[in-house]
Every structure is written in structure tokens, then in C-alpha cells.
Amino acid sequence: MSDKYKHALSPLRVGPVTLHNRLVRSAHATLFSKGEVNDDHINYHLERARGGIGLSILEGVSIHRTSNFSLQLTDDSAIPQLARLVEAIEPTGMKLFNQLWHGGGVEAAPNGGPPWSVTTLPGRYSRMPPIEMSGRQIAELVRSYGAAAARLAKAGLHGAEVLAGNGYLFSQFLSPRLNTRTDAYGGSLENRMRFLEEVLSDIRASVPPDFALGARMGSSCDKSILASEDVNAAILHLEDKGLLDFVDISQGDYYFHVERYAGMDQSAGYQLPDAREIGKGVSIPRLIVGRFGTLDDAEQALRAGDGEMINMVRATIADAHLVRKELEGRPEEVRPCIACNQGCIGGLFSGRMGCAVNPVVGYEAQLGEHLIVPSETPQNVVVVGGGPAGMEAARVSALAGHKVSLYEAAPDLGGQINMAAHFPKNHGIGDITKWQEREIFRLGVDVHVSSYMEPDEIVALGPDVVILATGAMHMEETFVQTAAPHFEVEITPGANVILPDDLIHDAGRDLGKSAVVFDDVGHYEAIGVCEHLLERGLDVTYVTRHPIFAPDIEKTGRAQAALRRFYRLGNFRILADSLVLAINEGSVEVRPVEGVRPETVPADTTVLVTYRQTFRDEWMAFTETGPNVFFVGDAMSPRNLQTAIREGHLCARSLDTPGLDPLWNNM
């Protein structure tokens, strides 16, 4: 065992189960299937087990027909597939628990009807009032939890975690604000925790003595809804009753949901202050969460006594072998999680979890990097463009033994990420391109910066394959709104109209006292622009064709976090579902897309966040007469970091994998 990580790597007894280290992957939905564990789940978890993790808590399983999100455990049909997963993982030494889940009033029941909850009060994002559970319904759920835990034990899992936090069913019962019941399950804290106590007692009676039992618990982001003191008192009571072998402490609920999985605006350990309050006096092992991304992060928190286990979910989504690489003295080779939440959290809203920086996630059996072997027919690969798509293509091609040269017109590698990293609270995005840069040099890619390439110069290199990752850029000549391409926006002389790049490259520019940010895209760029302007003291009006603020980022939680910052920074206003009619000196004319009456908005500066344009037309003749040519990333169509890395990766893999579509869009 490494002395450097003696706390993180030491064994830990969790009730009747011994973990070989204290590094944990807590429950997180994948949506790899509809209802049951499949091969994708098995290969995904197996890869992380091989990477050195001590415990994985599998994603929440539904214990009752009234609430469903990911996996199902409402009858014995789930047991065989869970047993297959256990059998695959067992040789690695990683232990497997499973989270038992019921959402309560968070969302509708699977049949579209009202959910079961503590009272009829809807949640913040609910579509209908829930049903206030009767005593008979509570008893039915108690039995369902016990039966589900018994199925886990029968499948060979080592333990279970009851989801009793994060705004779901038991949080709703524990809250003095949400729980307004007058029966034995409402009123005092003793009554409000009664349901959870009954569930844990039933589980204890339903599983063998070698089966560990814990709960995920935490306070609300608004302490008047559920305070840390109440959660701490509940844990101490349940511990005293012998009902908990461990507690997984996680702050936040749906009243500020990003608190559960903060983005790059928060630092490692951001939940520790709350975890310390909740864990005060607790003697069972405490699992703590909060963007821990390295073994150094984990060791520091464990050494300080803040917990006995560390959650490293997003870090090991990004790199399954983080632990092994760090222990082998190769920390610089660990692919970093940048906490963009785009693939992991945001992917769930698109139907399947992924990862912005690791396109292999969920496809380990088909695309795991352990499958990359030296090519039988090494080729001369020329990559044009050193952004995330180009560097990923170069990296993977080099891993397969191809001779790779990369040409970048700018003096630095990184592409548009270099600009994005300059926006407030977004600097962490540059960690992934810095990692890519280190990797391509380590792998021997022949890198040329400040090297603008013409087609004839590329041909002269004699390539077998050319990968065009030339990106895209804003064109200043025209301003066309997606929602009204027929409408010509009048821009009067003297109007100060700029592009996002101008804010970064000309920081001393006089911007005045007010600004309009027109967002046609809906991604993070407009968020960065708004925050930059607010930090400089300007009043900012955000105008967009979209029905909500930054819709492509809203599903990651980062838009919610940004709005909280914006309204505290200064004067910020949103005009959604709107068009720009005219940009004048000192003002902008705006109206709703379907409206008739315009509004004059003060704007000393107008920033246009529009789609960049590709250079495809300039390269089309080359694709007809040149070698085997691929477009990837923004060179294909301006999109985002996740698609850029994915396409660069898949393009390189397709060189040695017949039939693999280099633009496989199902990932």
C-alpha cells in the first residue's frame, strides 16, 4: 500500500462487509437499458472495478410500481441479470451495493397518474399534485423495500443503500415544511422519521446477517425545508437502533438540484461544510461526496476526518482507471473530469448517460481503449486542426500505431476551448485539452503549430488519411436569426455590436453601462458572456429565441447555478422566445417571436452569440480528389465539446475497425 494514500487505500469494515479501499462510486443513473441490468451495465462497472475502485453502489432500483426511473426490482425477474453482474465483478474484489429508490412526489407514476408522497403538495418540477399516502400504502411500501433488498441478497450483492435524501420520498417525510401530516408519520422528528425506520427494520429482517445496509441522507439546499441538524439527529437515532451500517451524505434537492452534482464553478469538497454538520457524532462509516477528482483530494479529506469513504463517480466516469494510473505513478495520464455535467447528467435527459471527455462510456465492450492494438497496416495520418476533435483523432490514431502528424494554424493547441476557458467559472474546461496535448506528445505525434495548411501542402505530405478538424468561426458579415431568417436586422451606425471572442481578446474595450446578449445557440457561450459583462458592472438583458435560458445547459444544472450567481452579481433580465428587430446606438429593439409590439432595451453594447460557420466549402474540392478524408467536430457542423471528442475518437477507431461509422451518433 502506498504511504502517500494510506487512508484512501486502507481497508474498511462496513457492517459485515470489508472493502479493500475507501474509494466509492455512489449510485448514478445510466439508462443503459429500460428496466434491467444488461451487458452494457456489466462492462461499464467491470471496467471501473479493474481500475481499482473498492465499492460501487449501483443505480437506484425501483421497489414499487408507483415510482420508476432506471432499473426495476419489483419482482424476481431482475435477479438473474443482477447475479450475472455480481459474477463478473467478484474476481476484481470490488464490492457491490445497490440503491433502493422511490421518488415520492418528484414526478408522475409510470402509468401517468399522480405519484405517492407525504402530502398533496407538488414538488418544484412536478406536473401534478401527488397522492397523500395512507397508512395502508405506507405499509405496502415498507414491505416492498424489504422484498427488494431480499432480491439483492439472493442475487449475491453485498449490501443496499436506501435513498433517503436528495428530495426524494424519505426527504419529503423528514421535512418539517413538506410533511404537514397529523398522523403517526407527521409532526415531531420522531414521527417524521418513523417511515424510514420501519423500512430499515423490515430490510434488516429480510436479508442475511452478512448483508450491509445504509442510507443516503442529506439536508435541503434551503435549510428551512430540511436542516442539517434534523438529518444528523435522524442518523444518530437510526444508528442507535442498529439499523445503519453506513451513511452516504449528499446535500441538495430539487429546490436547487445542481447542489447535488455541482459543475466546475465549485471546487473539490464543496459539500464538506454541510457533511461535517450532518456527520457530527456519527460512528458508522460516512461516505462523503463533492467533486473529488484525484487520490490527493480523497486522501486529504479522509486524513482530516471528514469521512471514512470518498465518492469518485464523475472522476471515474471520465477515466475508469484513475486509481490504477495514480498508483502506478502516472497521474498526468489520468483523463480529467471537467465537471461540465454534459454527458453524465445531461445525457440522462437525452436518454442515456455518456461523458463529454470519454466517448467510450457505456460502450466498453465495443470501444474500450484496451481493445486498441497496433494496426496491422499502419497508415500515414495527417490531422488538420488542434482543437479537441483533432487532438482526440491524433491521440487515438497514435495509440493504434499509425504515423500521425498534426497541423494547427494557431500558435497554441486547444481550439475554441482556449477561449471558453477564459469565461468566469469555466476555466476547468481547459483541463481536457491540456490532457490531450500531453497525451499526443507522449505518444509521439508530430505536432506543428502556427502552421496553416493548404490542400496542396497536405497532398505533398503523402498521407493515406486526412482528418479535417478545422473547427468553425463567427462571420461578421451577416446576422441571421434562426427563428426569423427572412428578417433583416437593422444595425445603425454607431451601434457597438461585438462577438464573444471580442470580449476575451480585447478586455480593455469600453462596453458602457448596459448590454444585450442575443443567444441563438442556447449553450454555455452565452452564459460566459453574460457573467463576464455582469462582473464588469454592466446591466445585462439576455434575449433568445429559445423558450428558456440556455436550454442546452439547463439539463446539466449549470444554468441554474449561473442564474443564482447572476441575480446576485447585478441587474440581469431574461427575454425568452424573442427576436431582435434593430440594434441602435445605446439600445436594441426586441419583440416576442409571435408578438407585434416591440420593446426598447438599453444596450451600450450588443453581443451576438450565434452559430459559427464551418470551412467545409473551402475543402470540398479536396475531398473529391485527395486521399481518404474525414470531417470531424465543428468542421462537420458547429456543436459542442462532447460531439467534437466523440467524432475525433470514432474517426480514428474507424481506420482499423471495418464497418464502424466515424460519425456514430448513437453515443
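Trainee: In this predicted model, where is Ala 550 found?

Mentor: Ala 550 is found in the loop that lies between β22 (539-544) and α20 (551-554).

Trainee: Why is Ala 550 called buried?

Mentor: The relative accessible area of Ala 550 is 1%, and the word buried applies to values under 20%, so Ala 550 with its 1% counts as buried.

Trainee: What makes β14 and β15 a pair of strands?

Mentor: Two strands pair if at least two bridges are found between them, and strand β14 (residues 380-384) is joined to strand β15 (residues 403-407) by 5 bridges, so the two strands count as paired. They run parallel, and Val 383 has Leu 406 in β15 as its bridge partner.

Trainee: Which order do the strands of the open sheet follow?

Mentor: The open sheet has 5 strands in the order β16-β15-β14-β17-β29, and their pairing is parallel.

Trainee: What makes β16 and β29 the edge strands of that sheet?

Mentor: Each of the two, β16 and β29 (628-631), pairs on one side only.

Trainee: What is the average twist from one strand to the next?

Mentor: From one strand to the next, the twist averages 15°.

How values were computed: Residues numbered from 1 in each chain as written. Predicted model: local features only at pLDDT ≥ 70, side-chain atom pairs only at ≥ 80, totals over all residues. Heavy atoms only, no water. Helix = DSSP H or I, 4+ residues; strand = E, 2+ residues; numbered from the N terminus. Buried < 20%, exposed > 50% of the residue type's maximum accessible area, 1.4 Å probe, protein only. Axes fitted to C-alpha atoms, helices over the stretch in contact; angles between N-to-C directions.
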